Amino acid sequence: EVRASLSQELLRPSQRIRRKDSIETSVHALEHAMASVGAALETGSIDRAARPIVRARRVWIITGETSRAGAMALYGRLSILRPDVQFVDDQQLGTRLASARRGDVAVVFDFARYRRATVTAAQALAGQGVAIVAVTDGPFSPLAALTQDRVEITVPAVGPFDSSVPAVAIAELLVAAIAKGLRGKARERIDRTEAMWQATDTFL
């Protein structure tokens, strides 16, 4: 864990772009990362992370720029399943999160090199009694100290940048677990959404 964490920290995009990794290397890295997604499912961490989201009064989804894809995947789907889902990027943290309170859940996506604003916001919310659900990359993440409700995945480099694939996969599996937990409420909300799509002639 320590070796992997240090390697991830040291190999920044400015260094990675100077390497001569093959596409096959990236494919193998993605396969390893997806194995970590499977492990999260098998250990039950996805189901555990879903439970507080099912119960929450309001859900805040917080992310930095490099982990945005997984957070957006969760937001887009979860907002169809249940009301009061808010996406907050790091330019809005101070103003948008002022109304967060006990009974809410903050789902925080962050991976090495860890965005200062994202981690600081999660720490502040935890201090105010907001439950934290973390999607992160291991026990050395600063988010790990804030919650037991976390999903740990491997985030590999694909070319010079961190891959978004594992985080998006976790987001989709989280949504599936949340839908199961919401039961009839999720069905009713999807039916209302579908009716609104039809009334507004959304699809061709």
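I take a salt bridge to be a side-chain nitrogen of Lys or Arg within 4 Å of a carboxyl oxygen of Asp or Glu. I note that this is a predicted model, in which local features need pLDDT of at least 70 and side-chain atom pairs count only at pLDDT 80 or more, while totals for chains, interfaces and linings use all residues. Residues are numbered from 1 along each chain as its sequence is written, and side-chain values use heavy atoms, with hydrogens and water left out.

**Entry: salt bridges**

I looked up the salt bridges, and by this rule the count comes to three. In the pair of Asp 104 and Arg 57 the closest N and O atoms are 2.9 Å apart. Asp 104 lies in the loop between α6 (93–96) and β3, and Arg 57 in the loop between α4 (45–55) and β1, so the pair ties together parts that are 47 residues apart in sequence. For helices I use DSSP runs of H or I with at least four residues, and for strands runs of E with at least two, numbered from the N terminus. I call a residue buried under 20% relative accessible area, exposed over 50% and partly exposed in between, with a 1.4 Å probe and protein chains only. On that scale Asp 104 is buried at 1%, whereas Arg 57 is partly exposed at 30%.

I then turned to Arg 77 and Glu 172, whose side chains meet in a salt bridge at 3.2 Å, N to O. Arg 77 lies in helix α5 and Glu 172 in helix α8 (residues 165–182), so this pair ties together parts that are 95 residues apart in sequence. Arg 77 is partly exposed, with a relative accessible area of 37%, and Glu 172 is partly exposed with a value of 37%.

Arg 150 and Glu 152 form a salt bridge in which the closest N and O atoms are 2.6 Å apart; Arg 150 is buried at 19%, and Glu 152 is partly exposed at 29%.

**Entry: sheet and helices**

I traced an open sheet of five strands in the order β2-β1-β3-β4-β5, with parallel pairing, where two strands pair if DSSP finds at least two bridges between them. The edge strands, each pairing on one side only, are β2 (85–88) and β5 (150–152). Five bridges join β3 (residues 105–109) to β4 (residues 131–136), and Val 107 has Val 133 as its bridge partner in β4.

Helix α7 (residues 116–127) packs on the sheet, touching β1, β3 and β4, where contact means heavy atoms within 4.5 Å.

Definitions and conventions:
Axes are lines fitted to C-alpha atoms, for helices over the stretch in contact, and angles run from 0 to 180 degrees between N-to-C directions.
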